Amino acid sequence: MTRPITTICCIGAGYVGGPTMAMIAKKCPQISVTVVDISQPRIDAWNSSELPIYEPGLDEIVFECRGKNLFFSTDVEGAIRDCEMIFVSVNTPTKKTGLGKGKAADLTYWELAARTIAACSESDKIIVEKSTVPVRTAEAIEKVLQRNCPHDGVRFDILSNPEFLAEGTAIVDLDAPDRVLIGGKIENAKGQAAVDALVGVYSNWVPKENILTANLWSAELSKLAANAFLAQRISSINAMSALCEATGADVQQVSHAIGTDTRIGSKFLNASVGFGGSCFQKDILNLAYICECHGLPEVAEYWHSVVGMNDYQKSRFVKRMISAMFNTISGKKISMLGYAFKKDTGDTRESPAIDVGHGLIEDGAKLNIYDPKVAAAQIALDMGEEAMKSITCCKTHTESLTGAHAVCIMTEWDEFKTYDWEAIYGVMQKPAFVFDGRLILDHQKLKDIGFIVYALGKPLDPFLCSAEGAP
Ligand SMILES: NC(=O)c1ccc[n+]([C@@H]2O[C@H](COP(=O)([O-])OP(=O)(O)OC[C@H]3O[C@@H](n4cnc5c(N)ncnc54)[C@H](O)[C@@H]3O)[C@@H](O)[C@H]2O)c1
């Protein structure tokens, strides 16, 4: 029988490492969990009352477990030395230079973590890939570990345990996951024992039937495949939204009609200004690159088109705004409500607001950005110095909307639905435009107030139909 794990270290205290380890600590009080990172400010924030990331329900768990069996530290070497199991949850962004630039996953951080593990390990370790990585990364990592460990006889067992949580609902997802996937060398006894050890950790709260085991390569590929399928659904319904506008159909009625087919299912069928987040685009580009490397250009092209459709949706939204506002937005004030890539997170990575913002500024607009959870410093970092000359980061929605010619909804924050839109109409320039990129507002009510409304994928307002150059 496999001995239960009592000490875990996680390398990478980010959006995945932090919440995932907090949940393990909460559900497994008998396990000591240490989360380490090379970033001192990030670790300081995890040890403070203002955690570095916003996730509903995360604070409570961290404050409950921190200092008992959950620790945050920059002592990477010490934590590696003292634990039995190491989760690696470092970032794996798209390569910016060199071979595979703009497509392949950059495994620099992963390899650095593996070299540190090799150098500091004095006893056997189970290494758990939490980061999303290309298929067969485990093979490369195993070589790095075996050839760089100065201590004889240290054994490394590598497992793939991709994370399927979604930002904004991370705690709910971790508490009751649809499934946990564990890939390992199940064909040999030691590999199976390592898998059993990780199954033992999750079994503290996840029902056995929800813990799936697979071979290493299937587990690695399943994560890329899952993200590709999810993104593809969004691009498919977004493609339909363009056709709906052209034909007078209503995308919400179409998605409801097709979603009631149990073979299709109703989730993830909301048309929007586009998907964002750190994962979808990067993982699809990586998947397509892997296909190319395996001589499958047609398969690569198929997945590429999902990203292409997402880019099209963002530029279509910008064009729609410009054409509606008499083909000129130069000098006009536009209120941007929402900047995070989705609600209930402060994460802005690959947020559609970034591309839409740049598109509007290129045409001369002045942006008033308001997001309940995104700091001005983050917006400045994403948009760059030049664009910031045309941006005001607002502390309240009223500040953002006062004197604006138009408002665009970029994130589906619930609070936007509760605003007094009649009062907002009063403080905006006329004609006052609403561009709802998330389909969250009551469009009829807005029209009754006097707004000209563009709701993505819905039958067009006659005012917009007649707009010259409308996409
Ligand atoms: N964000 C998500 O929703 C999500 C969901 C599922 C999977 N993933 C995957 O999980 C991985 C991590 O994503 P994230 O969003 O948590 O990234 P992140 O950028 O928020 O966090 C990664 C952390 O790793 C640290 N780090 C990098 N190299 C290190 C090293 N050698 N030693 C110690 N710390 C190091 C960084 O400083 C950073 O704090 C990625 O591969 C991502 O694709 C992310």
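Trainee: How do the residues of the shell around the ligand divide into nonpolar, polar and charged?
Mentor: In this predicted model, the shell splits into 13 nonpolar, 10 polar and 4 charged residues.

Trainee: And which residues are the closest to the ligand?
Mentor: Gly 12, Gly 14, Tyr 15, Val 16 and Ser 131 are the closest, out of 27 residues that surround the ligand.

Trainee: Which helix gives the most to that shell?
Mentor: That is helix 5, residues 108-120, which contributes 3 residues.

Trainee: Let's step back. How is the protein chain divided into domains?
Mentor: Domain 1 covers 7-206 and domain 2 covers 308-465. Their centres, taken over C-alpha atoms, are separated by 38 Å.

Trainee: How many residues of the two domains are in contact?
Mentor: On the domain 1 side 7 residues are in contact with 7 residues of domain 2. By class, the side of domain 1 that touches domain 2 has 4 nonpolar, 1 polar and 2 charged residues.

Trainee: I'm looking at strand 4 now. Which way do its residues point?
Mentor: Strand 4 is residues 85-88, with Met 85 and Phe 87 pointing one way and Ile 86 and Val 88 the other way. All of these are buried. In a regular strand the side chains alternate between the two faces of the sheet.

Trainee: What joins strand 1 to strand 4?
Mentor: Strand 1, residues 7-11, runs parallel to strand 4, and 4 bridges join them. Within that pairing, Cys 9 has Ile 86 as its bridge partner.

Trainee: What about strand 4 and strand 5, in which sense do they pair?
Mentor: Strand 4 and strand 5 (residues 125-129) pair in the parallel sense, over 4 bridges. There Phe 87 stands opposite Val 128.

Trainee: Zooming in, over how many bridges do strand 9 and strand 10 pair?
Mentor: Strand 9 and strand 10 (residues 366-370) pair over 5 bridges, in the parallel sense. Ser 335 stands opposite Asn 368 of strand 10.

Trainee: Where does Ala 340 lie?
Mentor: Ala 340 is in the loop between strand 9 (333-337) and helix 13 (352-362).

Trainee: Why does Ala 340 count as buried?
Mentor: Because Ala 340 has 27 C-beta neighbours inside 10 Å, and the cut-off for buried is 20 or more. Leaving aside neighbours within four places in sequence, its contacts include Asp 347, Asp 371, Lys 373 and Thr 411.

Trainee: How far apart are Ala 340 and Thr 262?
Mentor: They are 78 residues apart in sequence and 32 Å apart in space, C-alpha to C-alpha.

Trainee: What is phi of Leu 439?
Mentor: Phi of Leu 439 is near 55°, a positive value in a residue other than glycine. Leu 439 is in the loop between strand 13 and helix 18 (443-449).

Trainee: Is Leu 439 buried or exposed?
Mentor: Leu 439 is buried, because 20 other C-beta atoms lie within 10 Å.

Trainee: And what is phi of Phe 268?
Mentor: For Phe 268, phi is near 65°, again a positive value in a residue other than glycine. Phe 268 belongs to the loop between helix 10 (251-259) and helix 11 (280-293). With 16 other C-beta atoms within 10 Å, Phe 268 is partly exposed.

Trainee: Last one: which strand does Ile 211 lie in?
Mentor: Ile 211 is in strand 8, residues 211-215. Ile 211 is partly exposed, with 19 other C-beta atoms within 10 Å.

Trainee: What does Ile 211 touch?
Mentor: Not counting residues up to four places away in sequence, Ile 211 touches Val 180, Ile 182, Val 199, Tyr 202, Ser 203 and Val 206.

Notes: Residues are numbered from 1 along each chain as its sequence is written. This is a predicted model: local features need pLDDT of at least 70, side-chain atom pairs count only at pLDDT 80 or more; totals for chains, interfaces and linings use all residues. A residue is near a molecule or strand if its C-beta atom, placed from the backbone, lies within 6 Å of it. Helices (H or I, at least four residues) and strands (E, at least two) are DSSP runs, numbered from the N terminus. Ala, Val, Leu, Ile, Met, Phe, Trp, Tyr, Cys and Pro count as nonpolar, Asp, Glu, Lys and Arg as charged, and the others, Gly among them, as polar. Domain bounds come from an automatic or database domain assignment. A residue is buried if 20 or more other C-beta atoms lie within 10 Å of its own, exposed if 12 or fewer, and partly exposed in between; C-beta atoms are placed from the backbone. Two strands pair if DSSP finds at least two bridges between them.
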